[in-house]
Amino acid sequence: MSLPEYVTFGSYRAKITLEPALTGVHGLYSFESSPEITISKWGDKESAAILLHETIHFMSDCMGLGLNEAATRRLEFALSVLLKDNSDLMLHILAALSTSPHRNQSNDTDSDTGTDPAATPAPDRGDGSARHGIRSDR
Ligand SMILES: [Zn+2]
């Protein structure tokens with residue numbers, strides 16, 4: 001399977017770049033002029049986990065979740081296990097979701113306005129940039 005060019009999350013889109021010369025990390029998420037995910041390799045289980053990890057950073061940034069590195073790693077592990085152990089269930093969920101609009105993520109649990117969960121603007125990070133990486137010790 002080839003490396004996707006982009007990952008989209010609601011109205012946001014991050015370019016995915018393969019950079020074998022990355023040093024000290026296996027993956028990076030940055031948002032300088034636009035969201036970008038850089039990974040050092042592609043095609044095996046570890047590189048899929050790296051892409052998932054950086055995608056979680058991307059989603060956290062888009063939704064202003066403020067997930068730190070430890071929380072991102074735990075969520076990466078949890079999603080990896082969930083996806084791997086429940087591929088049939090995931091296909092059913094994906095099929096159902098693809099036929100309906102996104103649910104609103106407001107506190108009103110009864111609302112389903114069909115609005116985009118990532119439609120809220122990305123949080124202001126002060127310096128206008130964010131950068132996260134996976135250390136080479138993973
Ligand atoms: Zn990270």
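This note reviews the predicted model of a single chain, point by point.

1. Basis of the model. The structure is a predicted model, in which local features need pLDDT of at least 70 and side-chain atom pairs count only at pLDDT 80 or more, while totals for chains, interfaces and linings use all residues. Residues are numbered from 1 along each chain as its sequence is written.

2. Confidence. The average pLDDT (the predictor's confidence in each residue, from 0 to 100) of the chain is 82, and 73% of the residues score at least 70. Confidence is highest in strand β2 (residues 12-18), at a mean of 97, and lowest in strand β5 (residues 131-135), at 52. Two stretches call for caution. Over residues 108-115 pLDDT stays under 50, and the model has nine contacts beyond four places in sequence for them; two residues are in contact if their C-beta atoms, placed from the backbone, lie within 7 Å. Residues 124-129 also stay under 50, with three such contacts. Where pLDDT is low, the predicted coordinates should not be read in detail.

3. Overall composition. The chain holds three helices and five strands; helices (H or I, at least four residues) and strands (E, at least two) are DSSP runs, numbered from the N terminus. Their order from the N terminus is β-β-β-β-α-α-α-β. Of the 138 residues, 21% count as buried, a residue being buried if 20 or more other C-beta atoms lie within 10 Å of its own, exposed if 12 or fewer, and partly exposed in between, with C-beta atoms placed from the backbone. Among contacts between residues at least 6 apart in sequence, 47% join residues at least 24 apart.

4. Strand β1 (residues 6-9) pairs with β2 in the antiparallel sense over four bridges; two strands pair if DSSP finds at least two bridges between them. Tyr6 stands opposite Lys15 in β2. Two residues lie between the strands of this hairpin, where Gly10 takes a positive phi near 60°.

5. The β3-β4 hairpin. Strands β3 (residues 25-31) and β4 (residues 35-39) run antiparallel, joined by five bridges, and the hairpin between them passes through three residues. Ser30 has Glu36 in β4 as its bridge partner. Strand β3 is largely enclosed by the rest of the structure, because six of its seven residues are buried.

6. Helix α1. The 19 residues of helix α1 (residues 45-63) should span 27 Å at 1.5 Å a residue, and the end C-alpha atoms are 27 Å apart, which agrees; the expected span is 1.5 Å times one less than the number of residues. Buried residues of α1 include Glu54, His57 and Asp61. His57 has 28 other C-beta atoms within 10 Å and is therefore buried. Although His57 and Ser30 are 27 residues apart in sequence, their C-alpha atoms are 8.9 Å apart in space. Gly64, which follows α1, has a positive phi near 65°.

7. The nonpolar core. The largest nonpolar core has twelve residues, among them Tyr12, Leu28, Ile37 and Phe58; such a core is a set of buried Ala, Val, Leu, Ile, Met, Phe, Trp, Tyr and Cys residues joined through C-beta atoms within 7 Å. At least two residues of this core come from each of β2, β3, β4 and α1, and α1 gives the most, with six. Beyond its neighbours within four places in sequence, Leu51 is in contact with Ile37 and Ile39.
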